[in-house]
Amino acid sequence: MAEALKDRKFKALFEMFDPSGQGYLTRDGFRRFTDAVTGLVPSGDVENATAMRNAFEKWWEILAQSADGKGDSRIEREEFVSIMRSRVTSPGNLEEAVLAIADSLMRALDTSKDGVLSKDEYLRIYTHLGIDAEHCSDAFNRLDRDGNGVISHDEWRTALNEFYLSDDESAPGNWLLGPLTPTRH
């Protein structure tokens, strides 16, 4: 039986949060990832950096509150996937954590301040987070639904909603961070 699409996406996300391949997340590791993402925010942009940090902290709180209570302060891969399905993607939590990060990230990446992301601005996500830039053009073209050469705020949010909520294999948002590849176990 094929693995559920959302589980594949959440496992891919887990691997971004756990680049060393430990198989679990800790608050410190999650904060290191937070620091990496907020590193995309231009120097002096305190508003977006603070918004991103607060939203990542909300995300961690949701994960930690929902953890199985082993007392080890770790969230393992399967536990993460389960919490993502059951708690993080619920409407209020998704908005306060994930989409709040996405909104502040878009504002920070939009260096031209024209309210959209150009391909070069979008590429910064890939290069900064160590995602294979080979897939950036394909992903960008999929997310640019109207084909006008930029990703609007609505297209950005639609892509994020699809990434976190859609079970449709062909949804453009599945390509937010490139193609879904097999996860390590």
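Let's start with V37: at 4% relative accessibility, V37 counts as buried. Buried here means under 20% relative accessible area, exposed over 50%, and partly exposed in between, with a 1.4 Å probe and protein chains only.

A quick word on the model. This is a predicted model: local features need pLDDT of at least 70, side-chain atom pairs count only at pLDDT 80 or more, and totals for chains, interfaces and linings use all residues. Residues are numbered from 1 along each chain as its sequence is written, and side-chain values use heavy atoms, with hydrogens and water left out.

Back to V37. V37 sits in helix α2, residues 27–38. Helices are DSSP runs of H or I, at least four residues; strands are runs of E, at least two; both are numbered from the N terminus. What does V37 touch, leaving aside its neighbours within four places in sequence? M52, F56, L105 and L129. Contact means heavy atoms within 4.5 Å.

Now the core. The largest nonpolar core has 52 residues. Such a core is a set of buried Ala, Val, Leu, Ile, Met, Phe, Trp, Tyr and Cys residues joined through side-chain atoms within 4.5 Å. α5 gives the most to this core, ten residues. F80 is among the residues with the most contacts inside it.

Last, the annotation. An unreviewed UniProt entry lists "domain: EF-hand" at residues 131–166. UniProt positions follow the numbering used here, feature names are shortened, and annotations may be inferred rather than shown by experiment. Residues 131–166 are 58% helix and 6% strand. Their end C-alpha atoms are 22 Å apart.
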